[in-house]
Amino acid sequence: MRIEGRTFVISGGASGLGRATCLTIAKAGGYVAVLDFDESLGTEVVSELGHEKARFFKVDVSRTESIASATASIQVWTKDTGKEIGGIVAAAGIGKPAKIINSKGEPLDLGEFDHIMAVNVRGTVDLCRQLLPQLTSVTRPIANKGERGVVILVSSIAAFDGQPGQVAYSASKGAITSLTLPLTRDLAPHGIRVVTIAPGVFATGMTGNMGHRAIETLQKVMMWPKRAGRPEEFASLVLEVLGNEMMNGTVIRLDGGIRMPSKI
Ligand SMILES: NC(=O)c1ccc[n+]([C@@H]2O[C@H](COP(=O)([O-])OP(=O)(O)OC[C@H]3O[C@@H](n4cnc5c(N)ncnc54)[C@H](O)[C@@H]3O)[C@@H](O)[C@H]2O)c1
């Protein structure tokens, strides 16, 4: 689909993979709605892109009323600009390692588990759910037989090769992987495609506090290239997914061939 003249909603757009996606889509001629709960980083992204083509909306994706308020403001903005929504990239996510039973014999805190599920799964579904009425009602004639838009979800290789301490995170990313096909089937009649990207190790805010030893061990199990992915490499796949109409209903690993070992 054409990126020019459309608005793309990117959750987690203030940092890492989401931020790189905002910059790349704007460079390709799209307008971007940057959704994040980090106001200072989010407004920095908008300053970089200019207020005409980008807007920041403070959102906590785990709170449905917070998404509702951003959704309403996005609708007003796209009406003003005339740049209808063309897609959603749901990149907001968190991951805090915790084993099912820790070294002191204490079981996993269910509050932590629920929080990860609320942001990574419920937040992703709720964001799509509340924005889709805008995407399904796009009216302007779209190139290529009425394609309306694209939904891109973000899973992780932890959906497949979860490590010790990743019960909650892997469960959340496995859910994103599993819901890709039914979401695709629900949206196909509306001319909307769905693709999930499952990144390997990328250099972002999320991985920034990994210890030196963990990084060295990871480099040993990496195939090629033996380095963390760059956020721009993720964003470049987003561009390809947006432009390539045959990509639909699939989960793409973007991981340099890594298969995570049982521990690092
Ligand atoms: N970096 C990696 O190696 C890697 C690997 C696999 C998957 N992922 C996934 O990629 C996505 C992006 O992560 P990243 O690596 O860019 O991390 P990041 O921490 O740099 O960016 C995540 C962004 O999400 C925002 N966010 C977190 N919780 C939120 C909430 N409740 N509401 C709104 N915004 C919220 C944060 O403020 C942050 O700006 C996540 O879903 C993550 O699970 C990352």
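**Aromatic rings**

I started with burial and found that Tyr 31 and Trp 77 are both buried. The model I am reading is a predicted one.

For Trp 77 I noted a relative accessibility of 3%, so Trp 77 counts as buried under the 20% limit. Phe 57 comes to 11%, so Phe 57 falls under that limit and counts as buried.

Next I asked how many aromatic pairs there are by the ring rule. The count is two. In one of them, Tyr 31 and Trp 77 sit 6.1 Å centre to centre with 45° between the planes, a tilted pair.

Through ring pairs, Tyr 31, Phe 57 and Trp 77 are joined into a cluster.

**Sheet**

I then traced the strand order. Seven strands make an open sheet, running E3-E2-E1-E4-E5-E6-E7, with parallel pairing. At the edges I found E3 and strand E7 (250-254), each of which pairs on one side only. From one strand to the next, the twist averages 20°.

Strand E1 (residues 7-11) pairs with E2 in the parallel sense over five bridges. I looked up Ser 11 and found that its bridge partner in E2 is Leu 35.

Which strands does helix H1 touch? I listed E1, E2, strand E4 (85-90) and strand E6 (192-199) for helix H1 (residues 16-27), which packs on the sheet. The direction of H1 makes about 170° with that of E1. Helix H2 (residues 39-49) packs on the sheet as well, touching E2 and E3, and its direction makes about 170° with that of E3.

**Ligand site**

I counted 29 residues around the ligand, and those that come nearest are Ser 15, Asp 36, Tyr 169, Phe 202 and Thr 204.

A polar backbone atom of Leu 17 is 2.8 Å from an oxygen atom of the ligand. For Gly 200, a polar backbone atom lies 3.3 Å from a ligand oxygen. On Val 59, a backbone N or O atom is 3.3 Å from a nitrogen atom of the ligand.

**Asn 120**

Last, I looked up Asn 120, which is placed in helix H4 (residues 110-136). Is Asn 120 buried or exposed? Its relative accessible area is 1%, so I recorded Asn 120 as buried.

I followed the side chain of Asn 120 to the backbone oxygen of Ile 94, at 2.8 Å. That side chain also makes a polar contact with the side chain of Ser 172, at 3.1 Å. Leaving out residues up to four places away in sequence, Asn 120 touches Gly 93, Ile 94, Tyr 169, Ser 172, Lys 173 and Ile 176. Tyr 169 was already in my ligand notes, as one of the residues that come nearest.

Technical notes. Residues are numbered from 1 along each chain as its sequence is written. This is a predicted model: local features need pLDDT of at least 70, side-chain atom pairs count only at pLDDT 80 or more; totals for chains, interfaces and linings use all residues. Side-chain values use heavy atoms; hydrogens and water are left out. Rings of Phe, Tyr and Trp (its six-membered ring) pair if their centres lie within 6.5 Å; planes under 30 degrees apart count as stacked, over 60 as edge-to-face and the rest as tilted. Buried means under 20% relative accessible area, exposed over 50%, partly exposed in between (1.4 Å probe, protein chains only). Two strands pair if DSSP finds at least two bridges between them. Helices (H or I, at least four residues) and strands (E, at least two) are DSSP runs, numbered from the N terminus. Axes are lines fitted to C-alpha atoms, for helices over the stretch in contact, and angles run from 0 to 180 degrees between N-to-C directions. Contact means heavy atoms within 4.5 Å. A residue is near a molecule or strand if one of its heavy atoms lies within 4 Å of it. A polar contact is a pair of N or O atoms within 3.5 Å; within protein, one must be able to donate a hydrogen and the other to accept it, and residues adjacent in sequence count only if both atoms are side-chain atoms.
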